[in-house]
Amino acid sequence: RKNTAALLTIKRNKQPTMKTTSLLVLAFATTTSAFGSFGKPKATTPKFPMPTFDDATQRYVKSPDDNGVMPYDAIGSALRHGPVPFITRLTNADEYEQGVLKYMGTAKVSRAEAVGNMDAKLNNPMDWSYQKMEEKNGKPKIDYTRLDPKQAALTSVWALAITPLVINVVSSTVSQFNNEPGPCVSKAFEGLGICSSYIPH
């Protein structure tokens, strides 16, 4: 009986100690978790080399840290967004670059993202503007630099089939006009020597 009583006394004495130890462990874990969360670095928005606007020339000037390298060439623009940005990059590269720099500066994005948006805007301004409005309302961004296989296939068909056909039609029309000019409908061409014999007097 004495032994049993002694064991009960020991167990009773251990219970408060175990509870105290558990509370201390829990408090330590909570404190560690709290300090750990404070110690984690906050996610920061990546900084890109932003262009500046020159009031004297009314032009955007790229940052010295911007190497000016495009994410893809003019053919890449055609494969992603069709013929319009492709033609613009070939025929009006300076205006295209100014558009890219302007978007970089206003939207605070990288050159690659600005190029993708520029191409998408040139290809379909209404759809692009609608997407930008949706993004302001919380809709996820579209990666316009991504190559869509379907769009690439359509562009390939345009490049390989439709373009030669258009060139052939234009060439045939010009050739026919040169050989058989037909009657002139305006005297505006009289001083230019174009089908002058057909201008009515």
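The following paragraphs lead the reader through the structure, from its overall layout to single residues.

The model is predicted: local features need pLDDT of at least 70, side-chain atom pairs count only at pLDDT 80 or more, and totals for chains, interfaces and linings use all residues. Residues are numbered from 1 along each chain as its sequence is written, and side-chain values use heavy atoms, with hydrogens and water left out.

The protein has seven helices and two strands; here helices (H or I, at least four residues) and strands (E, at least two) are DSSP runs, numbered from the N terminus. Read from the N terminus, the order of the elements is α-β-β-α-α-α-α-α-α. Of the 201 residues, 21% count as buried, where buried means under 20% relative accessible area, exposed over 50%, and partly exposed in between (1.4 Å probe, protein chains only). Contact means heavy atoms within 4.5 Å. Among the contacts with a separation of 6 or more, 49% are between residues 24 or more positions apart.

In H6, Trp-128, Gln-131, Lys-132 and Glu-135 are buried. These residues cover an arc of only 100° around the axis, which puts them on the same side of H6; the arc is that of the directions from the helix axis to the C-beta atoms. An α-helix has 3.6 residues a turn, so residues three or four places apart point the same way. The buried residues of H6 pack against helix H4 (93-107) and helix H5 (111-123). On the other side of H6, Met-126, Tyr-130, Met-133 and Lys-136 are exposed. Just after the helix, Gly-138 takes a positive phi of about 105°.

The loop between strand S2 (59-61) and helix H2 (74-81) contains Pro-64, and Asp-66 has its place in that loop as well. Pro-64 is exposed, with a relative accessible area of 84%, whereas Asp-66 is buried, at 6%. Pro-64 and Met-50 are 14 residues apart in sequence, and their C-alpha atoms are 9.2 Å apart in space. The side chain of Asp-66 reaches the backbone nitrogen of Gly-68 at 3.0 Å. Leaving aside neighbours within four places in sequence, Asp-66 is in contact with Pro-49, Leu-101, Met-104 and Arg-111.

Glu-97 is buried, with a relative accessible area of 19%.

Most residues other than glycine have a negative phi. Gln-58, however, has a positive phi, near 60°, and lies in the loop between strand S1 (52-54) and S2. Lys-108, in the loop between H4 and H5, likewise has a positive phi, near 55°. Both residues count as exposed, Gln-58 at 52% relative accessibility and Lys-108 at 57%.

How values were computed:
Polar contact = N/O pair within 3.5 Å; in protein donor to acceptor, adjacent residues only side chain to side chain.
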